[in-house]
Amino acid sequence: MAPPAADLPPPALPHFHRLFWVAGGLLALVAVLLGIDRLALRHLNVDAERSAIELADHLLRAAPEVVPAMAGGQPIKLSAQAHGALGALQGIAGLFHFQAYDVRGQALLLPDTVAAGPATLPWGALTGAITEHDTHADTPTPAAALSGVPQLALKHGNGLTLPLVYSVAYVPVQRGDQVVGVVSVYLDQTERADLTAASFRGAALLASGALMASFALGATLWRRRLLAERANVEKLNYLAEHDSLTGTLNLASFRRRAQAACDQPGGAPDTPAAGEADGLALLVVDVDHFKDVNDHHGQAVGDRLLAQVADRLRSVLRGSDCLGRLGGDRFAVLQTGVAGSEDVKALTERILRALAQPYALGDVTVQVTASLGAAIHGVDGLDAENLSQHAEVALLRARAAGRGTYSFYDPALDAALQRRRQLALDLAQALAEGGLQLHYQPLFASGSGALLGYEALARWQHPLHGPISPGEFIPLAEECGLICALGQWVLNSACRQAAGWPGSLSVAVNLSAAQFSDGPGLVQEVRQAMQAARLPAQRLELEITESLLMSDTDQVLGTLRELKALGVKIGMDDFGTGFSSLAYLWRFPFDKLKIDRAFTQGLERDAKAELIVQSIVSLAHALGMRVNAEGVETEAQRRALQRHGCDELQGFLLGRPQPTGKLAHEASAQTYPEAVT
Ligand code: C2E
Ligand code: MG
Ligand code: MG
């Protein structure tokens, strides 16, 4: 079963994404460090060149005789003053050697004037080291600087005779546009290189820290976005597959899952644990009388009830089972791990028990039952559609059996259902094409035996199946929505035919409860039927049954009053077979009570029936109603009913239902031809 939307786990980020981000961060760090080292070197170069140019300038100013000597190409013996000034320069900015060259690259200054090493080093050692250094191939030469561009190289010394890091620069000396010589400047860069490297590395660390932080931030934001997008996609998928009210699968996705499960070799959607059976069953669950809850408590309460029904269903299912809502108050369960019908029966009983507990729905507490139909995969069908159809057929049987119960699919039932469906189609056709007739059963005055009128009873001669009893086709018409049209046809036909009888005879027409769903419409139909047939209202009687008074009583009583106001009589049919009759007898002034034939026929067998008939008669008379006894089949019954004071008698003894053309209106209870047959 899929969990509700709120329970969805956050989507996991794949492992390789994390690796990607870590590797990316490290690479960026290495790149920053390498770049920073190059930057530090460049900075050192620029700095060394600037210092060399400045020092060369100082040098030439401190020893003004150098430039003229360059032109002459003669070795220079510096003046004492220049010597002193140069000596002072040597301590500045790490200068440890310098020389002047003429345009041929000839060194002009004598060695003792040009080199001053670190205080610890002897002059000679330094001079030797520099001579050796100058022979290196990558060292710039004075000749290269004669082009007018200063030449510079950073070098590494041994730290004893030469500094660990130093720069060698050849700075061209110009007079006017002409290069007249070159000055070489050797600077100790050890300390500066250390400082530069340290500060650049610090900056690099800061920069890479910031880079890593922004990288991490970017990664986090990106990951969050990714997760949010995935959560959205999953939520959309969830909504597309689930019913928003109950959180169960919707019809389409339930069907898909059920079909996928049926298509799997073992049947079950999830691999069953070892030793578990892998069969499937499809159960259809319907909440009984759900419409009543909606009608009485409102749709919001109905919605809450459905949500709780779904919760209870979930609570009795296993993780591998599937729950779907087929629409309205109907749910479906795909049960897995079914070894046989016993497993299905066990779950079915668990479901019905769980659903029958009271529901607290805000201010109201409601108790309902459910009906359930089940079909087993492999036995009752192989694909999901077949299984659902068969589970629905089984559900119909469960509902017909009185609801609050379950039924398994049975092929014989299916055939009965098919016949019923076909019969409904045939009935609609018969109604449209005039295939129904009315027969009339006479009603006699008990005392005088005079004919009082007839009860109209619908008849259907089916072209294939022969006569079909109204006990079968009236409920069928109620079920498939034909009863109002049928009722209207009966009313019109009965009024029209009765209008041709002697004026003293009445006609009784049976009404179904379904015809009262549109009360004003029914009143209108009755009025029109009488008007069209020109039948006086006092000749028409309408018979209703007790079941009508069990639902929406106020509306029904209102309609009955309006009908009575038209002048027609209202009779209560089949009295004594329902539940609620006594409670309503004083709320509506019925004109007649018709004692059900079960009591009439019980008169000879059971003394209690006699007592009941007696009580009904005295109760009805006390309330001002006439009493009719139905189903009189024997003389003994007739005499007993007369003795108990019944006003009217009706039954096969006195007359069977006949078409209007065969009615002998002048007959009486004593002379009616059927009475002697
Ligand atoms: P109901 O209104 O109680 O009609 C009396 C039923 O008892 C009729 O059955 C009638 O044939 C039968 N009956 C009469 N005398 C005897 C007797 O001595 N013995 C026995 N065993 N039965 C007797 P039917 O015609 O089969 O009608 C059955 C029910 O179908 C009726 O019961 C009525 O509820 C319903 N029905 C018939 N026609 C219509 C109709 O036009 N509209 C509606 N709404 N219901 C109808
Ligand atoms: Mg009747
Ligand atoms: Mg009856």
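The model is predicted: local features need pLDDT of at least 70 and side-chain atom pairs count only at pLDDT 80 or more, while totals for chains, interfaces and linings use all residues. Residues are numbered from 1 along each chain as its sequence is written, chains are lettered from A and ligands numbered from 1 in the order in which they are written, and side-chain values use heavy atoms, with hydrogens and water left out.

**Salt bridges**

Helices (H or I, at least four residues) and strands (E, at least two) are DSSP runs, numbered from the N terminus. Asp591 is partly exposed at 22% relative accessibility.

Next, select Glu241 and Arg257, whose side chains form a salt bridge at 3.3 Å, N to O. Glu241 belongs to helix α7 (residues 190-241) and Arg257 to helix α8 (residues 251-263), so this pair ties together parts 16 residues apart in sequence. Glu241 is partly exposed at 25%, and Arg257 is partly exposed at 29%.

Move to helix α1 (residues 15-62), where Asp57 and Arg61 sit 4 residues apart, about one turn of the helix. Their side chains meet in a salt bridge of 2.6 Å, N to O. Asp57 is partly exposed at 38%, whereas Arg61 is exposed at 56%.

Then select Asp286, Arg330, Glu392 and Arg399, which are linked in a network of salt bridges. The whole structure holds 27 salt bridges.

**The magnesium ions**

Select ligand 3, a magnesium ion. Its protein donors are Asp573 (OD), Asp574 (OD), Glu630 (OE) and Glu630 (OE), at 2.0 to 2.4 Å. Donors are N, O and S atoms within 2.8 Å of the metal (3.2 Å for Na, K and Ca); water is not among the atoms, so sites may look incomplete. Along the chain the donors of ligand 3 follow the spacing D-D-x55-E. Asp574 lies in strand β17 and Glu630 in the loop between β19 (626-629) and α21 (635-643), 56 residues apart. Asp574 is partly exposed at 24%, while Glu630 is buried at 10%.

Show ligand 2 as well: Asp573 bridges this magnesium ion and ligand 3, and the two ions lie 4.0 Å apart.

**Ligand 1**

Finish with ligand 1, surrounded by 23 residues, each with a heavy atom within 4 Å of the molecule. The closest are Gln441, Asp573, Arg597, Glu633 and Phe652. The shell divides into 9 nonpolar, 6 polar and 8 charged residues. Strand β13 gives the largest share, 4 residues.

- Glu633: a polar side-chain atom is 2.6 Å from a nitrogen atom of ligand 1.
- Ala458: a polar backbone atom is 3.1 Å from a nitrogen atom of ligand 1.
- Phe652: a backbone N or O atom is 2.8 Å from an oxygen atom of ligand 1.

Note on methods: A polar contact is a pair of N or O atoms within 3.5 Å; within protein, one must be able to donate a hydrogen and the other to accept it, and residues adjacent in sequence count only if both atoms are side-chain atoms. Ala, Val, Leu, Ile, Met, Phe, Trp, Tyr, Cys and Pro count as nonpolar, Asp, Glu, Lys and Arg as charged, and the others, Gly among them, as polar. A salt bridge is a side-chain nitrogen of Lys or Arg within 4 Å of a carboxyl oxygen of Asp or Glu. Buried means under 20% relative accessible area, exposed over 50%, partly exposed in between (1.4 Å probe, protein chains only).
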